[in-house]
Amino acid sequence: MSVVAAKVYKDKITMCADSIMVRGASKRNTNFSKIAKINDMIVGGVGYCEDISMMWHYMQTHKPASPTEKDVLTFFIEFTEWKNKMGLGAELNSEFLLIYKEHLFKTNGLFVHEIMDFVAIGAGEDFATAALHLGHSPKEAVEVACKLSCYVCEPVVEYQEEIKENKS
């Protein structure tokens, strides 16, 4: 139970997340961030905490060959193979948003799609997506989800990457 929202601006990409941690019917309002900046990548995840923490561990020594859907897919395939070799199974029980080299990607299982505008994932996805569609920032979108969904809560964590190249 979580929400991660991101938006591509002309000069930056911003990603924000809530900080809830859930197990069964119990929640902890902690500073467990769903986002980490590691090895020149920013990754936000929703789903199983195990997948997310293992991804952060994997990112310390691995990254995509380039910021393309194909190479990001290869990165995630190799992550599932690595995870499987550790005895944790190859299945991904989480979705991820990845900012890498001025590009934003969304995963759903092993489907990878580059996002050119805005996106939200997780239990608060619908509320956050609506707020993003109405022109709000990712931080405001996550705050809306925190107010309207019982499955997400503050504090909100924010990361940004500047865009230096002109993609027009």
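The model is predicted, so local features were considered only at pLDDT of at least 70 and side-chain atom pairs only at pLDDT 80 or more, whereas totals for chains, interfaces and linings use all residues. Residues are numbered from 1 along each chain as its sequence is written, and side-chain values rest on heavy atoms, with hydrogens and water left out. Helices (H or I, at least four residues) and strands (E, at least two) are DSSP runs numbered from the N terminus.

The largest nonpolar core has 20 residues, a core being a set of buried Ala, Val, Leu, Ile, Met, Phe, Trp, Tyr and Cys residues joined through side-chain atoms within 4.5 Å. Buried here means under 20% relative accessible area, exposed means over 50%, and partly exposed lies in between (1.4 Å probe, protein chains only). Strand E5 (35-38), strand E6 (41-47), H1, H2 and E7 each contribute at least two residues to this core, and H1 gives the largest share, six residues. The residues with the most contacts inside the core are Met55, Met59, Phe75, Phe76, Phe96 and Leu98. Apart from this core lies another one, of 16 residues, which includes Val8, Ile35, Ile42 and Ile163.

Six aromatic pairs were found in a search of the whole structure; rings of Phe, Tyr and Trp (its six-membered ring) pair if their centres lie within 6.5 Å, and planes under 30 degrees apart count as stacked, over 60 as edge-to-face and the rest as tilted. The rings of Tyr58 and Phe75 have centres 5.5 Å apart and planes at 50°, so this pair is tilted. Since Tyr58 belongs to helix H1 (residues 49-59) and Phe75 to helix H2 (residues 69-85), the pair ties together parts that are 17 residues apart in sequence. Tyr58 is buried at 2% relative accessibility, and Phe75 is buried with a relative accessible area of 2%. Phe76 and Phe96 form a tilted pair as well, with 5.5 Å from centre to centre and 45° between the planes. Phe76 lies in helix H2 and Phe96 in strand E7 (residues 94-100), so here the parts tied together are 20 residues apart in sequence; both residues are buried. Ring pairs join Tyr58, Phe75, Phe76, Phe79, Trp82 and Phe96 into a cluster. Beyond its neighbours within four places in sequence, Phe75 is in contact (heavy atoms within 4.5 Å) with Met41, Met55, Tyr58, Met59, His62, Lys63 and Pro64.

A polar contact of 3.1 Å joins its side chain to that of Asp51, and a polar atom of the Ser94 side chain lies 3.0 Å from the backbone nitrogen of Tyr48. A polar contact is a pair of N or O atoms within 3.5 Å; within protein, one must be able to donate a hydrogen and the other to accept it, and residues adjacent in sequence count only if both atoms are side-chain atoms. Glu95 lies in strand E7 too, and its side chain makes a polar contact of 3.0 Å with the side chain of Lys106.

Two further helices each present a buried face. In helix H3 (residues 125-133), the buried residues are Ala128, Ala131 and Leu132. Seen down the axis of H3, they fall within an arc of 100°, so they line one face of the helix; the arc is that of the directions from the helix axis to the C-beta atoms. Asp126 and His133 are exposed on the other side of H3. The cover over the buried residues of H3 includes strand E1 (3-8), strand E10 (118-122) and helix H4 (138-148). Gly135, with a positive phi near 100°, follows H3.

In H4, the buried residues are Pro138, Ala141, Val142, Ala145 and Cys146. These residues cover an arc of only 140° around the axis, which puts them on the same side of H4. Lys147 and Leu148 are exposed on the other side, while the buried residues of H4 pack against E1, strand E2 (12-17) and H3.
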